[in-house]
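Biologist: Could you take a close look at one part of this model for me, and then lead me outward from there?

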Amino acid sequence: MAGILDLLNSDLGKQIVSGVAGSTGNDSNKTNSVLTMALPVLMKAMERNASTPQGAEGLMGALSNKHDGSILDNLGSLFRGGVDETVKQDGAGILGHVLGSKQQGVEKVISQKSGLDAGSVANILKVAAPILMGILGKQKREQNVKDTSDLGSLLGGMLGGNETKNEQSFLEKILDADGDGSVIDDVAGMVLGGSNKKGGLGGLLGGLFGK
């Protein structure tokens, strides 16, 4: 199964980046940077949420119904003329549910590292969140995941499943951002002193966050 960052580099991923950039009025390269940082963080947050029976049931329900992957069937019309406000509202709800009190801190760190203001990052994430849920819903359907106990392996597989401890701790650290600003220095220091791997999640996150 392709990981989420492999998917971003695919034709579908390029269409998503281009569409999100156009609909939020942001540069494509910066939008790509934001999504490369944000999507693994969102998935890690979902993985944590799904580690409880209640969280797993909630995610399973969402992926079986509203977010079953059908949003991917017609991305052209989704992005044409700007993304519908209801999609953004859905995205805001997903972000609030997945990140909770960590949302502003996460957006702040990504803003610092991408060079976009936090408001632009928030807009990008609002549009991207329903699409990410659609990607997960499609994977769930294709892999015939019917049990909440299999959600962890679905999410782990999409994250790449073979993250190093540095990458794991980085994702955990960014999710523990409390918005007080100091986490930005902590995260930058940790990644700068962390993995030098060129490929995979470590290389991408290290390259982006270690500027």
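Modeller: Happy to! D90 is buried, with a relative accessible area of 17%; buried means under 20%, exposed over 50% and partly exposed in between, using a 1.4 Å probe on protein chains only. Before going further, a word on the source: this is a predicted model, in which local features need pLDDT of at least 70 and side-chain atom pairs count only at pLDDT 80 or more, while totals for chains, interfaces and linings use all residues. Residues are numbered from 1 along each chain as its sequence is written, and side-chain values use heavy atoms, with hydrogens and water left out.

D90 has a salt-bridge partner in K66, with 3.3 Å between the closest N and O atoms; the term requires a side-chain nitrogen of Lys or Arg within 4 Å of a carboxyl oxygen of Asp or Glu. This pair ties together distant parts of the chain, 24 residues apart: D90 sits in helix α6, and K66 in the loop between α4 and α5 (75-79). Helices here are DSSP runs (H or I, at least four residues), numbered from the N terminus.

A pocket is an open set of points on a 1 Å grid over the protein atoms alone, where a 1.4 Å probe fits and protein lies on both sides within 12 Å along at least five of seven lines; lining residues have an atom within 4 Å of a point. The biggest share of this lining, 4 residues, comes from α4. Among the lining residues are M46, H67, I94, H97 and M133. By type, the lining divides into 7 nonpolar, 5 polar and no charged residues; nonpolar covers Ala, Val, Leu, Ile, Met, Phe, Trp, Tyr, Cys and Pro, charged covers Asp, Glu, Lys and Arg, and the others, Gly among them, are polar. The space inside comes to about 170 Å³, taken as what probe spheres set on the grid points fill, with points joined across faces, edges and corners.

E47 is partly exposed at 22%, whereas K44 is buried at 5%.

The whole structure has 3 salt bridges, and one of them joins K138 to E142 at 3.9 Å between the closest N and O atoms. Both lie in helix α8 (residues 118-142), 4 residues apart. K138 is partly exposed, at 31%, and E142 exposed, at 56%. An α-helix has 3.6 residues a turn, so residues three or four places apart point the same way.

One last stop is S111, in helix α7 (residues 103-114). S111 is buried, at 14% relative accessibility, and its side chain reaches the backbone nitrogen of A118 at 3.3 Å. Leaving aside neighbours within four places in sequence, S111 is in contact (heavy atoms within 4.5 Å) with L116, D117, A118 and V121.

Conventions:
Helix = DSSP H or I, 4+ residues; strand = E, 2+ residues; numbered from the N terminus. Polar contact = N/O pair within 3.5 Å; in protein donor to acceptor, adjacent residues only side chain to side chain.
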